[in-house]
Structure formats: C-alpha cells, structure tokens
Amino acid sequence: MNAEYYSYENYVLEQAEIERLLDLLPASMRESVKILPASERQTVVIKGRRQMPWERQMRLFIKPYEWRQFTPLQRAGLFLHKVGYYSRAVSRQIDFYLAIAALGGLSLIFEAVQQDPVGATVSGGLSGLALWQLRRDQTNDRRLLAADAYAVDRLVLRGIPRLQAVEALGQALHVEARLEGRSGNDLLDMLRYQNLKRLAQRPAEDIVLS
C-alpha cells in the first residue's frame, strides 16, 4: 500500500461526531442506525443500503476526509437525507409490496401443487408485478425528494430555522457533487433544488414527525 493510502487512513470519524449525528434522529431510531468509516475505495461521500423490513439495523458508511469538507449543519442535512432515503422512515410502501410478492409466491407454489395452470399464472403475475413495483419504488426520484423533506423537517424540529435548514442541505448537495466528481447540474439535481425551494415555504403543520 502506498503512502497516500496510509495518509487517508489517518482521517477517522470522531465518536463525538457520530454521537452528534445520531442525536439528530428520533430516540426510537438511534439504535437502528450504525455509522461506520468508509474505505478510500468508496466512490461516494456517504453510502448505505436500503433497509429491508426484516433488518433491525441500517449501516451508513462515511468517508472521513470528505466529511470534513462540509460544515456541521451541512453534514447534519446530508446525514438526515441519507437516513430518510435508506431507511423505512420516509416510505413504508416497500413492506406492502414485499408482502404481496411473498403472498404471490406462496400462492404460486400452492397452485403448482394443485396443477392449476391458470391459478399459477395469476399468482406468478401478481408476484412479478409486486417485485417490479418494489424495484421501481427503490429507484424512484420521489424517494429522493421525500428524503430531502425528511431532512429539512428533522432540522426544523431540532430548532434550526427552515430557510437555514434548506440552504444548508442545498449547499451540501453542491459540495457532495463536487467531491464525487459530478457537475451537480443534471436533471435530478435541478429537480431537487426546485423541491428545496418549495420546502422553504412549507407550512409548519406539514412537518414529518417520524
């Protein structure tokens, strides 16, 4: 390993920062999120994996050196966005589609045993449709926008003025894109920036409390 790799390893996520980030979450969620330092090979600043209904904990991997390029408030907004995106805090439709897929699979097995080709076809179609919808939900742009709203609402609930919370998250998106070698000006980025402008005017009664 070269000296540059060792230099990168000198940057660590301080326990105080980890505790600060977890403290931004509702008390009921803090035990379900684990923050870990990412390796140099990770290409994005912060990365996780969608939390499935049967998983009790979600892991987020953060690149320590890049993380220091954000202000504390920008880190808070970006962290909360990722939690909202990867966890079940924003959308629970995934549970419904998994249940439908499982039901369709069990029905398919039953119909196959009963040698009912029509019933098997219907059950297989139901299961396939649920899995397709599940995949669509996982990659849907709406989840990104909902995660942005979740981040802003959590910051507001922590006492940050709404406009300041929106500005911090918008700035974090710019810094994140730069650190990851992206322009930050593609269609999805523009959509998120427009959504942040809308969130700046969001009534207090619409805050997501989860």
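Strand 1 and strand 3 (residues 58–62) run parallel, paired over five bridges. Within this pairing, Ile35 sits opposite Leu60 of strand 3. The model is predicted.

**The aromatic pairs**

How many aromatic pairs does the structure hold? There are two. Trp67 and Phe70 form a tilted pair, because their planes meet at 50°, and the cut-offs set stacked at under 30 degrees and edge-to-face at over 60. The ring centres of Trp67 and Phe70 are 5.8 Å apart. Tyr85 and Tyr86 form an edge-to-face pair, with 80° between the planes and 5.1 Å from centre to centre.

Are the residues of these pairs buried or exposed? The table gives the relative accessible area for each.

| Residue | Relative accessible area | Class |
|---|---|---|
| Trp67 | 2% | buried |
| Phe70 | 3% | buried |
| Tyr85 | 16% | buried |
| Tyr86 | 13% | buried |

Buried means under 20% relative accessible area. Tyr85, at 16%, therefore counts as buried. Tyr86, at 13%, is buried too.

Definitions and conventions:
Residues are numbered from 1 along each chain as its sequence is written. This is a predicted model: local features need pLDDT of at least 70, side-chain atom pairs count only at pLDDT 80 or more; totals for chains, interfaces and linings use all residues. Side-chain values use heavy atoms; hydrogens and water are left out. Rings of Phe, Tyr and Trp (its six-membered ring) pair if their centres lie within 6.5 Å; planes under 30 degrees apart count as stacked, over 60 as edge-to-face and the rest as tilted. Buried means under 20% relative accessible area, exposed over 50%, partly exposed in between (1.4 Å probe, protein chains only). Two strands pair if DSSP finds at least two bridges between them. Helices (H or I, at least four residues) and strands (E, at least two) are DSSP runs, numbered from the N terminus.
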